[in-house]
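Thanks for coming. I will go through some local geometry, starting with aromatic rings and ending with backbone angles.

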Amino acid sequence: MHLLSVEHISKSYGEKVLFEDVSFGVEEGQKIGIIGVNGTGKSTFLKVIAGLETADEGKVSVARHAVIRMLSQDPQFKEEETALEHVLGGDSPQFEAYTAYREALQLVEMNAASEEAQQQLIQANAKMDELGAWQLESEAKQALSKLGITDWTMPVSQMSGGQRKRVAMAAALVLPSDILILDEPTNHIDNESVQWLETMLQKRRGALLMITHDRYFLDRVSNRILELDQGRAFFYEANYSKFLELKLEREEREAASEAKRQNLLRNELAWIRRGAKARTTKQKARIERFEQLQASAPKEGNGKIELSVASTRLGRKIVEVEHVSKAYGERQLISDFSYIATPGDRVGIVGRNGAGKSTLLKMIGGKLEPDAGRIELGMTVKLGWFSQEREEMDESLRVSEYIREAAEQVKTADGSTISASQMLERFLFNSTMQWTPIAKLSGGEKRRLQLLRVLMEAPNVLLLDEPTNDLDIATLTILEDYLDDFPGVVFVVSHDRYFLDRTVEKIIAFEDDGQQTVHTGNYSDYAAFAATRERVKEVEEKPTAAEEQKKPRQQERQLKMSFKDQRDFEHIEDWIMEAEQELEDIASQMEQHASSASMLLELTEKQQAAELKLEQLMERWTELNELAEQIEAQKKG
């Protein structure tokens, strides 16, 4: 089903063109990943589609009755609302129906004999049916739990920025929508939550548009890629892996076309320079052709960031962590942990949110003291710290001034020097942007600038705390290449599985039992080990048949149907027959209106809705019959 049309939209900020003359459509089931270098306008592009910003030119048309829901990078909340209230929708019809049902249920419990209370409960039941709100509370709690929010009654105002983002994401996933728009959904959630989110989005029936730098996530969820590059939009019917192949083919075609254009331009230039004896019509046409060839030069691409900055020499003693422990109040984060870094170490630190990963990194960096144990750095260690928390920047400074505060020039691995201006060029800050105040940069461009400043200081031990947050794929790819040749030691906290697989050779894992363990290999190696360990544990903990027989039989919980279950059980077969009849009626109408395209489109939408309704009723029928059989078996037992 067609849900949305984008027609010739353009958007600029001052002289900077973000995107120009972009047109495409969105169909049900499409999962579109939007990629591009930071500052190309990806977030603005999504806001225009969602109706939160207006385009300078063109229009966005949304299908009748289609609902758009967007998760932005900076979600807004009502004052004092709890996590659960926000996910349930606050003032949405489903939430109102859910609240009315809970109130009616309490009235019946207080006064079961009241006919008025019974009638109110029946009406509340009917409204819940009508809006499909029965599973809302359980789905909301499940989504919050999977995203690491376990205190559902905590006011959102008391949560951290990362927690608030996860609450907003749970709401975006749970509340009904035809088009879901996600801006960096994998930021601030751990690997387990990312995998759950992948599964949720893979199953989702509606359309999806998302910006993400997580390449595994993009590869597994998307089936279409939209690339924004220098104001142009390129579309690929592919996931991320296939997109890379198709993009390479496109760039090769463009390179061949440009080579042909340059050859024609040289021939025309030679003719122009010889001079024309008389300005005939034919000669004027050649001059016009020369001007057209000049004007048709392709826009300058993003280029490639290249890093070959040398690091300070590192001695034998690097980082020694000996029997370190750290707690916050009664919560023990790190227990008796030891690790000695060796030359060339590439160490990934993984675990659930709040487990203590960043705390360990801060202790290594000297920003926190351990409660017990010691951490010693070698005399030659020069730390480079890239934090997930956006450090204070003097935003009145120009881009070049900010970098020159770190170094005017830097030595490369081959002994030559590169000026700050040249390094900025390699980081996609052209000569115009170098004189731009930092305040005018996008969030991603500021992060890229901070990363360059860290590397300009030529560290030999890098501490990277969630480096993939807010950095585009192009910058991450070059950072990965830089780390390949980096002669020092790297400690990185990250939830980006691709980045970890690409860069690390050891894993420090913060396990669920509160312990820290060290594993050789990248993240996928550790994940495979952890999965095997869980399977072995399940087998070991599962009692044998003999042990089961020896166990005293515990009193089983008495199963029973709720008020709603009993009502549904009595009427479910009638509802199924009605749904089947409705489908037959629609099929008959489609035959009668076979020549009317508009009527067929309307009837097709009704048919899809009726099929979905029948499918849900059949699932409910199966669920209720299984419950009835269990109750009957319990009575007989």
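Let me start with a question: does Y526 count as buried or exposed? Y526 counts as buried, because its relative accessibility is 11%. Buried here means under 20% relative accessible area, exposed means over 50%, and partly exposed is in between, with a 1.4 Å probe and protein chains only.

Before the rest, the ground rules. This is a predicted model, in which local features need pLDDT of at least 70 and side-chain atom pairs count only at pLDDT 80 or more, while totals for chains, interfaces and linings use all residues. Residues are numbered from 1 along each chain as its sequence is written, and side-chain values use heavy atoms, with hydrogens and water left out.

Now the rings. A pair of aromatic rings is described by the distance of the centres and the angle of the planes. Rings of Phe, Tyr and Trp (its six-membered ring) pair if their centres lie within 6.5 Å; planes under 30 degrees apart are stacked, over 60 edge-to-face, and the rest tilted. That rule gives 9 aromatic pairs. One of them is F19 with F45, which is edge-to-face, with 5.1 Å between centres and 85° between the planes. F19 sits in strand β2 (residues 16–27) and F45 in helix α1 (residues 42–50), 26 residues apart, so this pair links distant parts of the chain. Helices (H or I, at least four residues) and strands (E, at least two) are DSSP runs, numbered from the N terminus. F19 is buried at a relative accessible area of 0%, and F45 is buried at 0% as well.

Back to Y526. Y523 and Y526 form a tilted pair, 6.4 Å centre to centre with 55° between the planes. The two are about one helical turn apart, because they are separated by 3 residues in helix α17 (residues 523–541). Y523 counts as buried too, at 9% relative accessibility.

There is also a cluster: F19, F24, F45 and F235 form one aromatic cluster.

Next, charges over rings. The criterion is NZ of Lys or CZ of Arg within 6 Å of the ring centre and within 35 degrees of the ring normal. K367 lies over the face of W385, 5.1 Å from the ring centre. R448 lies over the face of F429, at 5.2 Å from the ring centre.

On to helix packing. Helix α3 (residues 93–110) and helix α4 (residues 115–131) pack at an angle of about 155°, with their axes 9 Å apart. That makes α3 roughly antiparallel to α4, where under 35 degrees is roughly parallel, over 145 roughly antiparallel, 65 to 115 roughly perpendicular and the rest oblique. Axes are lines fitted to C-alpha atoms, for helices over the stretch in contact, and angles run from 0 to 180 degrees between N-to-C directions.

Last, the backbone angles. Q230 counts as partly exposed, at 34% relative accessibility. H323 also is not a glycine and has a positive phi, about 50°. H323 lies in strand β10 (residues 319–328) and is partly exposed, with a relative accessible area of 47%.

That is the end of my list.
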